[in-house]
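The sequence and the model come first, and the description follows.

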Amino acid sequence: MFSKRLTIYSFIFFLFCLSGSVIQAEEASIHTERMALYRKTEAISHIPWYYFAAIDNYERNKETATEDEPLISITFDEDSWYGIGNYPKNSNPDIIKLFNGIGLDGNGDGLASPEQEEDVLYTLAMLLLQEGPTRDDIKIGLWKLYERDLTVKSIMNTAKVFQTFNEINLTDRDFPVDINYNYSYRNTWGDRRGYGGLRIHEGTDIFADYGTPIKSTTYGVVEIMGWNRFGGWRIGIRDIYNIYHYYAHLSGFNDAIEIGTVVQPGDVLGSVGSSGYGPPGTSGKFPPHLHYGMYKDDGYKEWSFDPYPYLRRWEQMAKN
């Protein structure tokens, strides 16, 4: 009987491992296909591939993840693509141009279809090139497409990360406090706070001794650092998933970190302290801890959400 159970459990475990391998293979395949499309569009337009990758990644992470993830998440509304008045949605590039549409043929099949990834990326490239090929030109082109500073900043930061690592499949994570030190935490998101006016606590507090190393949990770019009346010495990192990571109450920063620095999971940002709740230099008004907050951007607004479930998952990843 025991032998039969062992055989069944072994078979289930085998299927679990096999399904995990299949999922990983599928993810690797879709990232390979995407990179090939970005590279092809780079060759045609001379715009570096990582800008297309960053725009696509931004669009993908605006939405709630779905099981059937499209190859490319960049879309254009039909009126812009076909031109107002092109009611039959004629895909002939000459007809589209006649109606002042933006759609272009990127794969050479004689049609400009918003359903064809190569057509979409080529059209995007030509829109950006209206301003020029330099980094500043790309920023202007992005502003004209989105008319939103935070969106432009997010895309440019993500492009910088992709350029640095020459990779788009960046999924590693780490716990924000070095797990080799003593620490403790619970879910404190949404608790009441009184300093500076009644408000909710937008993060999780991780208590640890002074000087405990604080690490980046993700890939991203340091967007802000310095003193904040509420957070003391703090660092803000914008990651490649449209999420802003907020680290507060530090006792000091890593000398190698500055605004614009590209970070990856495990990079040391600074150390645990008790700074804040006052003018620059104020410290010791509460026990030493890291306040860790996460804020999601959906292309229209940015809001705080509970980081606790993610911290538990990343803690296990770090321990394993």
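A salt bridge here is a side-chain nitrogen of Lys or Arg within 4 Å of a carboxyl oxygen of Asp or Glu.

## Overview

The model is predicted. The protein contains eight helices and twelve strands. Of its 320 residues, 48% are buried. Among contacts between residues at least 6 apart in sequence, 59% join residues at least 24 apart. In total, the structure holds 16 salt bridges.

Glu302 has a relative accessibility of 35%, so Glu302 counts as partly exposed. Arg238, at 3% relative accessibility, counts as buried.

Arg238 also forms a salt bridge with Glu223, and in this pair the closest N and O atoms are 2.9 Å apart. Arg238 belongs to strand β7 (residues 232–239) and Glu223 to strand β6 (residues 220–228), so the bridge ties together parts that are 15 residues apart in sequence.

Glu223 is located in strand β6. Its relative accessible area is 19%, and the cut-off for a buried residue is under 20%; Glu223 is therefore classed as buried.

Between Glu223 and Asp239, which are 16 residues apart in sequence, the C-alpha to C-alpha distance is 9.6 Å.

## Other salt bridges

A salt bridge also joins Glu59 and Lys62, with 3.2 Å between the closest N and O atoms. These two residues are three apart in helix α2, which means that about one helical turn separates them. Both Glu59 and Lys62 are buried.

A network of salt bridges links Arg34, Asp56, Arg60 and Glu69.

## Packing of α2 against α7

Two packed helices are described by the angle between their axes and the distance between the axes. For helix α2 (residues 49–62) and helix α7 (residues 149–165), the axes come within 8 Å and cross at roughly 125 degrees. This angle makes α2 oblique to α7. The crossing of α2 past α7 is right-handed.

On the α2 side, the contact is made by Trp49, Tyr50, Tyr51, Ala53, Ala54, Ile55, Asn57 and Tyr58. On the α7 side, the residues are Thr151, Ser154, Ile155, Met156, Thr158, Ala159, Phe162 and Gln163. By class, the contact of α2 with α7 comprises eleven nonpolar and five polar residues, with no charged residues.

## Packing of α2 against α6

The axes of α2 and helix α6 (residues 135–146) come within 12 Å and cross at roughly 25 degrees. Angles under 35 degrees count as roughly parallel, and α2 and α6 are therefore roughly parallel to each other. Their crossing is right-handed.

In this contact, Tyr51, Ile55, Tyr58 and Glu59 of α2 meet Arg135, Ile138, Leu142 and Tyr146 of α6. The contact of α2 with α6 has six nonpolar residues, no polar residues and two charged residues.

## Packing of α6 against α7

α6 and α7 pack at an angle of about 135 degrees, and their axes are 9 Å apart. At that angle, α6 is oblique to α7. α6 passes α7 in a right-handed crossing.

From α6, the residues Arg135, Ile138, Lys139, Leu142, Trp143 and Tyr146 meet Asp149, Thr151, Val152, Ile155 and Met156 of α7. The contact of α6 with α7 divides into seven nonpolar residues, one polar residue and three charged residues.

How values were computed
Residues are numbered from 1 along each chain as its sequence is written. This is a predicted model: local features need pLDDT of at least 70, side-chain atom pairs count only at pLDDT 80 or more; totals for chains, interfaces and linings use all residues. Side-chain values use heavy atoms; hydrogens and water are left out. Axes are lines fitted to C-alpha atoms, for helices over the stretch in contact, and angles run from 0 to 180 degrees between N-to-C directions. Helices (H or I, at least four residues) and strands (E, at least two) are DSSP runs, numbered from the N terminus. Angles under 35 degrees count as roughly parallel, over 145 as roughly antiparallel, 65 to 115 as roughly perpendicular and the rest as oblique. A crossing is left-handed if the near helix is turned anticlockwise from the far one by less than a right angle, and right-handed if clockwise. Contact means heavy atoms within 4.5 Å. Ala, Val, Leu, Ile, Met, Phe, Trp, Tyr, Cys and Pro count as nonpolar, Asp, Glu, Lys and Arg as charged, and the others, Gly among them, as polar. Buried means under 20% relative accessible area, exposed over 50%, partly exposed in between (1.4 Å probe, protein chains only).
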